[in-house]
Amino acid sequence: MTSARVPAVPVAPHLRRARLGVSMVFFTNGIVLGGFAPRVPEIRDQLGVSYGQLGVAMAMWPVGALALGLLAAAMIRRFRSSRVATVAMVVSASAMLAASLTPNVWTFGAALFLVGVTDAWVDVAQNAHGLRVQRLYKRSILNSFHALWSIGAVTGGLLGGVAAGVGLAVPWQFLIGLVVVTAANAVAYPLLLKGPEPQHAGEEGADESAIPHAQHLPLRHVPLRTWALLGALTVIAIAGGWAEDGASTWSAIYMRDELAAGATLAAVAFVAMQGCQFIGRLLGDGMVDRWGQRAVARAGGALVAVGMGLALAFPSPWGTIAGFGAAGFGVATLIPGAMHAADELPGLRAGTGLTILSWLLRLAFLLSPPLVGWIADQTSVRVGLVLVPVFGVLVVLLAGAMATRKEPHPAVRDAQSSS
């Protein structure tokens with residue numbers, strides 16, 4: 001029997017527009033956050049503070065996200081993910097401008113607290129809306145949104161570096177950024193999906209009364225198995241975040257101080273991580289559609305464990321660069337995939353699983369630098385980085401919590417059954 005040709009599944013125009021709108025939100029979120037890092041030295045000089053004082057003020061960013069980030073789910077149910085994402089994105093860019101105008105470290109910390117709060121809301125809302133669009137697309141597209149965030153972060157970093165190089169004042173850069181973000185999100189909002197959020201992730205576009213599992217449970221009545229799955233998904237997401245932080249915070253220090261690499265070569269490990277992660281996210285949706293999120297996550301965890309494990313077992317500058325590159329490709333789909341699975345856990349109200357996972361992920365980002373730093377002080381940075389391949393092993397063990405390969409679209413299934 002010859003196999004029938006599987007037709008391409010058509011995508012409605014309003015879904016294409018919604019995908020473009022979500023992409024714009026992700027991209028502007030990356031630009032705002034990426035444009036901040038190159039200007040931190042100038043902000044420190046402007047405030048006249050020590051490194052320690054600056055570090056405490058900078059910590060207000062994740063503190064804000066942790067303190068009020070859990071409100072995101074309730075806000076999404078009340079105002080819709082489209083409104084929360086676009087409005088909070090504009091407020092976040094405004095808070096970043098305020099941070100550049102503050103006269104002292106106290107107001108600077110307060111502004112960063114607001115940046116952290118609104119960034120957490122944007123993070124949950126943009127992913128929630130992206131997942132709505134993905135469910136209606138009937139195939140994986142979430143990784144492409146995260147790839148656009150990566151492009152936005154790189155773009156923001158490059159623009160911030162150019163602005164610093166030509167002597168453009170920090171407030172002017174963030175004012176221009178605010179104008180761009182406001183305009184982009186004003187264009188994006190009408191493109192996004194209309195109507196209220198589904199009460200459960202599986203109800204998108206369906207009649208609620210016809211779906212038996214549509215009833216959500218009070219949190220105290222949610223089955224233990226659901227919480228266990230959410231815990232496993234959180235560890236998988238943290239594995240992705242831990243590898244990212246290992247590259248951004250420690251790779252250059254490790255390369256310079258323990259492998260005697262020059263300044264330029266020391267920076268290549270971070271570039272390798274980000275570049276391979278970007279490639280992985282571009283390819284990630286196709287891989288997930290072909291092999292399923294579970295298999296892709298398990299293979300990614302193995303790549304992190306082996307790549308970084310070998311790099312740390314046999315230390316050398318180029319081996320470390322290759323190890324971070326392997327880790328970047330391996331973790332590319334972990335956070336988007338874990339968010340997708342968490343958003344569809346049975347018994348939880350819309351956005352609850354996604355919000356809890358995002359909050360715990362930010363907690364891990366807050367704890368990662370001091371923990372690795374403490375280990376490095378007691379032993380070495382190399383030993384502190386061993387946690388990256390350890391998390392890779394955990395991903396391999398816990399990948400069963402991820403979604404299996406999706407059921408094919410009805411048009412595809414009908415074509416297959418007629419073959």
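A: In this predicted model, the side chains of E197 and R132 meet in a salt bridge, with 3.1 Å from N to O. R132 belongs to helix α7, whereas E197 lies in the loop between α9 (170-188) and α10 (224-257), so the pair ties together parts that are 65 residues apart in sequence. E197 has a relative accessible area of 11% and is therefore buried, the cut-off being under 20%; R132, at 2% relative accessibility, counts as buried as well.

Helix α7 also carries R135, whose side chain meets that of E344 in a salt bridge at 3.6 Å, N to O. This pair links distant parts of the chain, since E344 is placed in the loop between α14 (334-343) and α15, 209 residues apart from R135. R135 counts as buried at 14% relative accessibility, while E344, at 31%, counts as partly exposed.

A further pair is formed by D123 and R362, whose closest N and O atoms are 3.6 Å apart. Here D123 sits in helix α7 (residues 105-137) and R362 in helix α15 (residues 352-378), so that distant parts of the chain, 239 residues apart, are linked. Both D123 and R362 are buried. Salt bridges with shared partners join these two residues and D119 into one network.

A search of the whole structure finds six salt bridges, among them the pairs E197 with R132, E344 with R135 and D123 with R362.

Note on methods:
Residues numbered from 1 in each chain as written. Predicted model: local features only at pLDDT ≥ 70, side-chain atom pairs only at ≥ 80, totals over all residues. Heavy atoms only, no water. Salt bridge = Lys/Arg side-chain N within 4 Å of Asp/Glu carboxyl O. Helix = DSSP H or I, 4+ residues; strand = E, 2+ residues; numbered from the N terminus. Buried < 20%, exposed > 50% of the residue type's maximum accessible area, 1.4 Å probe, protein only.
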